[in-house]
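Subject: Model handover and contact notes

Hello,

Here is the model we talked about. Please load it before you read on.

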Amino acid sequence: MLRQDSSEDIEDVSLFDADDDVSRRSKKSKIRHPVASFFHLFFRVSAIVVYLLCELLTSSFIACMVTIILLLSCDFWAVKNVTGRLMVGLRWWNQVDDDGKSHWVFEARKVSAQRNKSSSEAESRIFWLGLITCPMIWVIFAFSALFSFKVKWLAVVVMGVVLQGANLYGYIRCKVGSRKNLTSMATSYLGKQFLRQTVAKEDQPAS
C-alpha cells in the first residue's frame with residue numbers, strides 16, 4: 001500500500017516476519033519483551049539523570065557532554081530499530097533514491113483480529129509514555145538553559161530535543177499516517193464536534 005504526500009513520497013510496507021507463535025498466547029498485561037522495555041527507558045532516562053547530576057558528580061563539562069550524547073545516540077538507535085518493532089510493531093526510516101528524492105518508509109506489523117487481542121497493552125503504554133515524555137523534558141531543559149544563560153549546555157539539550165524528537169515524529173507519522181491524513185483527521189474531528197454542539201442546541205427546549 002502506498003501513501004503519497006504533496007511534498008514527499010511516503011511508502012507504507014509490511015513489517016518483516018512478525019513475532020513467533022509464542023507471542024500470540026501472551027496476555028495483554030504481560031510484558032513480552034522485558035529486555036527491550038528496559039532499554040527503551042534506560043538510555044533516555046539515564047541521559048536525563050546524567051544531565052541533572054553531572055555538575056554534582058564531576059567538574060568536567062566535556063566528560064558530561066560526551067556521556068550524554070553517547071546515551072542519546074544509543075537511545076536513538078535502539079528505539080528506532082529495535083524497541084519500536086518489538087513493543088508496538090512499528091518501524092520507520094528515511095531513504096534517498098537514485099534520483100535524490102527523499103522517501104519516508106514506514107513498517108507496520110500486520111495482525112489478525114485474534115492476534116490483535118493478544119497484543120501487550122503494558123508494553124504499548126511503556127513505549128508511548130517514554131517516547132512522548134522524555135522529549136518534553138528536553139524541551140524544558142532547553143528553555144531552562146536558555147533563560148539561565150547556560151550557553152554551553154544548549155548544544156547538549158538541543159541534541160536531546162533533536163534525537164528524541166525525531167523518533168517521536170517518526171513513530172507518530174508511522175502510527176497515524178502522513179501530515180495530510182493528520183489534517184483530515186483533525187478537520188473531521190472538529191466537524192463532528194461542531195455538528196454535535198449544533199444538534200444539542202437545537203434539541204434544547206425554548207425558554
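Below are the notes on helices, charged pairs and aromatic rings.

First, the ground rules. This is a predicted model, in which local features need pLDDT of at least 70, side-chain atom pairs count only at pLDDT 80 or more, and totals for chains, interfaces and linings use all residues. Residues are numbered from 1 along each chain as its sequence is written, and side-chain values use heavy atoms, with hydrogens and water left out.

The unreviewed UniProt entry annotates residues 34-53, 59-79, 126-147 and 153-172 as "transmembrane region". UniProt positions follow the numbering used here, feature names are shortened, and annotations may be inferred rather than shown by experiment. Residues 126-147 are 100% helix and 0% strand, with end C-alpha atoms 32 Å apart. Residues 153-172 are also 100% helix and 0% strand. Their end C-alpha atoms lie 28 Å apart. Helices (H or I, at least four residues) and strands (E, at least two) are DSSP runs, numbered from the N terminus.

Salt bridges

The count is two. The criterion is a side-chain nitrogen of Lys or Arg within 4 Å of a carboxyl oxygen of Asp or Glu.

Arg44 and Asp75 form a salt bridge at 2.9 Å, N to O. This pair links distant parts of the chain: Arg44 sits in helix H2 (residues 34-57) and Asp75 in helix H3 (residues 61-87), 31 residues apart. Arg44 counts as buried because its relative accessibility is 0%. Asp75, at 1%, counts as buried too. Buried means under 20% relative accessible area, exposed over 50%, partly exposed in between (1.4 Å probe, protein chains only).

Arg125 and Glu121 form a salt bridge at 3.4 Å, N to O. Both lie in helix H5 (residues 121-147), four residues apart, about one turn of the helix. Arg125 is exposed at 56% relative accessibility, while Glu121 is partly exposed at 35%.

Aromatic rings

The whole structure holds 13 aromatic pairs. Rings of Phe, Tyr and Trp (its six-membered ring) pair if their centres lie within 6.5 Å; planes under 30 degrees apart are stacked, over 60 edge-to-face, and the rest tilted.

Tyr51, Phe61, Trp138, Phe141 and Trp153 form one aromatic cluster.

Lys80 lies over the face of Trp92, 5.2 Å from the ring centre. The rule here is NZ of Lys or CZ of Arg within 6 Å of the ring centre and within 35 degrees of the ring normal.

Best wishes
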